Structure formats: structure tokens, C-alpha cells
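Student: I'd like to learn how to read a model like this one. Can we walk through it together?

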Amino acid sequence: MKIQLLPSTFDAQGRARSEQRLTCYVVDDRVALDAGSLALALSDAQRETVRDVVVTHPHADHVATLPIFIDDLFSRLTAPVRVHATAEVVRLLRRDVFNGTVYPRFDELHNGHGRVMEFAPFEPHRAFPVAHLSVTAVPVNHIVPTVGLVVADGAASVAFTSDTAATDDFWRALDTLPRLDALFVESSFPDALGELARVSGHLTPAALARELAKLSRTLPDVLAVHIKPSFRETVVAELAALGIENLRVMEPGRVYEW
Ligand SMILES: [Zn+2]
Ligand SMILES: [Zn+2]
């Protein structure tokens, strides 16, 4: 399984910058998990193959360019882009994003071939197919309805916390998996802002360590993501100081493989 965290910004030479402002992973050039930077950072080839988007929650850094992505493809789509989310998140996306004011109701619009977007609601704790993948969502502890994801392709299996503060169900679900190759875990704020992290539904490096301790297994690969750019240097140093084996900071733009 190939996984890329799409860059949020690029330097003057067009290279991905390490700061992450938006969240969007691309799996096997085919499926997007969240859509923060989807329309901005896909390659031209990926834009032709990504047709399923799983949305963990409706915060702007996770859905910002989803409407633009569909807009870019509008006249050329021969099948709708499928937006997978819980029924609650679908309701919020309809109300707050695809509402006819912020952006058109793409789920009601047709081009010459048919509808351009459809919502595919899923239920937590029940695996559902997305392209060649099997995805299971587990609610986490954020300030809006949010799910973490477990994604499997029949060989490898990886998990994403999405945005969360301390939580339990997600870790319990991971403990039941026969195999887990990698975990993508948020680490938004430095330890000094632990209270801000807690009330805004996020983790600090110290909180991340407490969460990982809830697992009864040792993970082969842990990638820290969603580090607020203004605190990046401090958070990266605090993550390193944890001394957790196999913990590294994910680099936007790089392709990781399991
Ligand atoms: Zn969020
Ligand atoms: Zn976020």
C-alpha cells in the first residue's frame, strides 16, 4: 500500500514544504482520505485516478479543496466522485459546504454523463469497501463528529487517528486487528499548550505517548502528523525526546509504502 500526505505548500522551486496546514492522504493514487489539499497538490496523473474521498470530519483543513477538486473535473467526469462519510458528517457537508452558497450542491448536479458527486454514508465499526480497500471507521474525541480510520488492502493494514484528543475506542479497535503496519497519529500542539490541545480536541507529544501506552501491541511504524506550523520546531523536538521507538514525523509529498 502506497500512502502520501499531500503537501500544503511548495517552495519557490516547487518542492513540498514540511509544514502541514491541510490534511489529505492519497492511497495507491486512487483513494483520498480527507481533502484539505486535494485540489492543490495532486499530480495530473493522480487527478485522473482519484475518484473516492473518505472524509473524517468537516473542518476546513480536511475538506477545504474538495469542492474545487470536483469543480476541476466537472465536465469530464463519466461517473460521480464518491464522498464517503458518516451520515452526520454528510449532513454537515450538505449544510455547510455544498449548500448552494459556499459552493453548489454538486450531489444534485449533472454533466453530460450523469451526476458529478454522490455521498456514500458509512457506519462506524463496520468495514466498507472503497475502491480496492476495506475501510473501518471508529469515532474519536474531537470537537465535531470525527472518525479515525483503519485501511486495509488485503496485505497491509494502517490506521489514521484523524484529529483527536484522548480517546479509548480507537485504541481498543486497533488492539483487535490481526495486523497493523503503520499508525498515523496527530500531534498538533506542544506540551506547554496541553490545555489548549485538550479543549480543541487535539494531542500534544506527551498526550500522544499516553495514548500509545493504551495499546497492548508495539507498532512497527508510527508517523506523527497534523503538527501546527507555528509550533513545529518545538513539537518535533518534544516527539524526539519521547524516545519512542519507530516514531517519526511524516514528510508531506513523500511516498511511503507498506
Ligand atoms: Zn479538526
Ligand atoms: Zn485538522
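This is a predicted model: local features need pLDDT of at least 70, side-chain atom pairs count only at pLDDT 80 or more; totals for chains, interfaces and linings use all residues.

Student: In which sense do strand β10 and strand β11 pair, and over how many bridges?

Tutor: Two strands count as paired once DSSP finds at least two bridges between them. Here β10 (residues 133–139) and β11 (residues 147–152) run antiparallel, with six bridges.

Student: What is the strand order in the open sheet?

Tutor: Seven strands line up as β9-β10-β11-β12-β13-β14-β15, with mixed pairing. At the edges you find β9 (128–130) and β15 (247–249); each has a single partner strand, so one side of each lacks a neighbour in the sheet. From one strand to the next, the twist averages 25°.

Student: Now the metals. Which residues are the protein donors of the zinc ion (ligand 1)?

Tutor: They are His-57 (NE2), His-59 (ND1), His-142 (NE2) and Asp-163 (OD), 2.1 to 2.3 Å from the ion. Their sequence spacing reads H-x1-H-x82-H-x20-D.

Student: Why is the site of the zinc ion (ligand 1) irregular?

Tutor: Four donors count as tetrahedral if all angles lie between 85 and 135 degrees. The angles among these four donor atoms run from 92 to 165°, so the site is irregular.

Student: What does Asp-163 bridge?

Tutor: Asp-163 links the zinc ion (ligand 1) to the zinc ion (ligand 2), and the two ions lie 3.5 Å apart. His-59, in the loop between β4 (52–54) and α3 (60–63), and Asp-163, in the loop between β12 (157–160) and α6 (169–175), are 104 residues apart.

Student: Is Asp-163 buried or exposed?

Tutor: Buried, at 2% relative accessible area, while His-59 is partly exposed at 23%.

Key:
Residues are numbered from 1 along each chain as its sequence is written. Chains are lettered from A and ligands numbered from 1 in the order in which they are written. Side-chain values use heavy atoms; hydrogens and water are left out. Donors are N, O and S atoms within 2.8 Å of the metal (3.2 Å for Na, K and Ca); water is not among the atoms, so sites may look incomplete. Four donors count as tetrahedral if all angles lie between 85 and 135 degrees; four count as square planar and six as octahedral if opposite donors are over 155 degrees apart and all others between 65 and 115; anything else is irregular. Helices (H or I, at least four residues) and strands (E, at least two) are DSSP runs, numbered from the N terminus. Buried means under 20% relative accessible area, exposed over 50%, partly exposed in between (1.4 Å probe, protein chains only). Axes are lines fitted to C-alpha atoms, for helices over the stretch in contact, and angles run from 0 to 180 degrees between N-to-C directions.
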